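Let's take a look at this protein together, starting with what it holds and then stepping back to the whole chain. Have the structure open as you read.

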Amino acid sequence: MQSRKILEQGDFLYQEGDAPENAYIVISGSLEISAKKDGNKIVIGRILPGELVGEMSVINDSKRSATVVALEPCVVVEIDKKHILERIEKSDPIIRSLLTGYARRFLGGLDIFVGTKNIAKSQSVNVIDDSTVQKIKLEHQLKQAIKNKQLGVLLQPILEVATDEIVGYEALIRWNHPEHGPIPPLELIALAEETSLIDDISDYVIDYACHAIRQILQLNGEAHRFISINVSPNQLLRDDFVNNIINKVDTAKLPKGSLHLEITESSTLLTEKIEHVIDLCHEHGIKVALDNFGTGSSNLALVQKLKFDTLIIDRSFTIDVQHNHRSMALIDMIVNLGYRINAEVLVAGIESEEMLDYVRELNCRYAQGYHIGKPQELAVILSNNTADKFLSAKSQIEILTPLVEKNITSDMDI
Ligand code: C2E
Ligand code: CA
């Protein structure tokens, strides 16, 4: 609840030692903050319209360490302590810790200055907890890993079903943390998205993809090949994200169609943004796929409105396709849908020859999954010249470098 309070000149808003009930925003007039040192009044500052006063002891849940008096007729709006604390509790843990730490230090400094012992330990708001410390540490380590080029990118083959050829690769980020081991990519992306580190990761993956496609094209006598990169909705929301990709693709002079974006839709509010992204990409020969189609918020209206080049059927539909006639019907339906709207379809999560046989019977363009090929390093792809061949799952496992047991460093010098 917020309510207004009118003060005449000389009225106290609160006095040293009072229990804090509210913080205040000054609407009009001005107020003076003072504290007592050795019985003498020390003026600490003046509060003007638009400023906040009294929030420190609310956040710290300690008695008022200063007195605030109106210097002229004033209007203030009260902000209820409970509401402030609720908002702080709901805020980002790092911001919360910074705020509570700041409040404690501010009031502690004031205490020392005036020689009082008003300041209680913060009871109302949790001070920095273990998970927050871990998160700050991890963020710092991620920054270092980016700087020291310790992130890796693996490439998972994509099979063109009709020709039985590997014609593309999906770029998948990897971070093998020195203490915690491999960090799941989704966790890594979520962490990076909370800071500007996501820009560095985006640049890293795009640069890697441009570098890798060049090498793969050379290996295949410039026959058409592509690399897909994953883009999260939050990345898309960042200014200039797509223009940055376009600049890099244009600078690298990649053949049209050799870079694809895989977008996982997570909010229908983004429809207009994605429409704009697709148009821009198409102007520059970049194809756009709807990832994890059929899950989350990737609904049919999206397919109706947006001109995706590819629909990627989520592997949750493929997992039991031979035994579940409903999964079968859904895959069948999406493949037909793709055919009708002129979008290619990629069936993900192919883990066995039987699954692949099933997919071969469908009229779908691409298939991907551990049976076709696990994510692997570019160097392995190049040295084994696997770019053109679809090897059996058994022989692939033998050529795969263990992904998680070793420190993956990029073989790209960027
Ligand atoms: P995704 O886009 O759905 O990628 C496919 C994930 O499924 C990959 O996991 C891949 O290793 C795994 N996978 C592929 N085939 C099979 C299979 O046959 N069986 C099983 N069980 N799994 C299979 P990964 O690499 O852990 O990536 C997880 C997610 O992290 C990706 O899901 C993607 O959303 C995200 N991600 C990875 N790299 C990046 C990146 O560079 N940028 C962004 N924004 N997201 C990324
Ligand atoms: Ca993907």
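## Ligand 1 and its contacts

In this predicted model, a nitrogen atom of ligand 1 sits 2.5 Å from an N or O atom in the side chain of Glu351. That's a polar contact, meaning a pair of N or O atoms within 3.5 Å. On its own, ligand 1 would expose 800 Å², and the protein buries 84% of that (areas come from the Shrake-Rupley method with a 1.4 Å probe).

A quick word on ground rules: residues are numbered from 1 along each chain as its sequence is written, while chains are lettered from A and ligands numbered from 1 in the order in which they are written. Local features need pLDDT of at least 70 and side-chain atom pairs pLDDT 80 or more, totals for chains, interfaces and linings use all residues, and side-chain values use heavy atoms, with hydrogens and water left out.

## Who surrounds the ligand?

How many residues surround ligand 1? There are 21, and the closest are Arg174, Asn230, Gln235, Glu351 and Tyr370; to count as near, a residue needs a heavy atom within 4 Å. Sorted by class, the shell has nine nonpolar, seven polar and five charged residues. Here Ala, Val, Leu, Ile, Met, Phe, Trp, Tyr, Cys and Pro count as nonpolar, Asp, Glu, Lys and Arg as charged, and the others, Gly among them, as polar.

Strand 10 gives the largest share of this shell, four residues. Strands are DSSP runs of E with at least two residues, helices are runs of H or I with at least four, and both are numbered from the N terminus.

## The calcium ion

Ligand 2 is a calcium ion, and its protein donors are Glu170 (OE), Asn230 (OD1), Glu262 (OE) and Asp291 (OD), at 2.2 to 2.3 Å. Donors are N, O and S atoms within 2.8 Å of the metal (3.2 Å for Na, K and Ca); water isn't among the atoms, so sites may look incomplete.

Glu170 belongs to strand 10 (residues 165-177) and Glu262 to strand 13 (residues 259-263), so this pair links parts of the chain 92 residues apart. Both Glu170 and Glu262 are buried, which means under 20% relative accessible area (1.4 Å probe, protein chains only).

## The whole chain

Zooming out, the chain has 15 helices and 17 strands. Of its 414 residues, 48% are buried.

Methods
Buried < 20%, exposed > 50% of the residue type's maximum accessible area, 1.4 Å probe, protein only. Polar contact = N/O pair within 3.5 Å; in protein donor to acceptor, adjacent residues only side chain to side chain.
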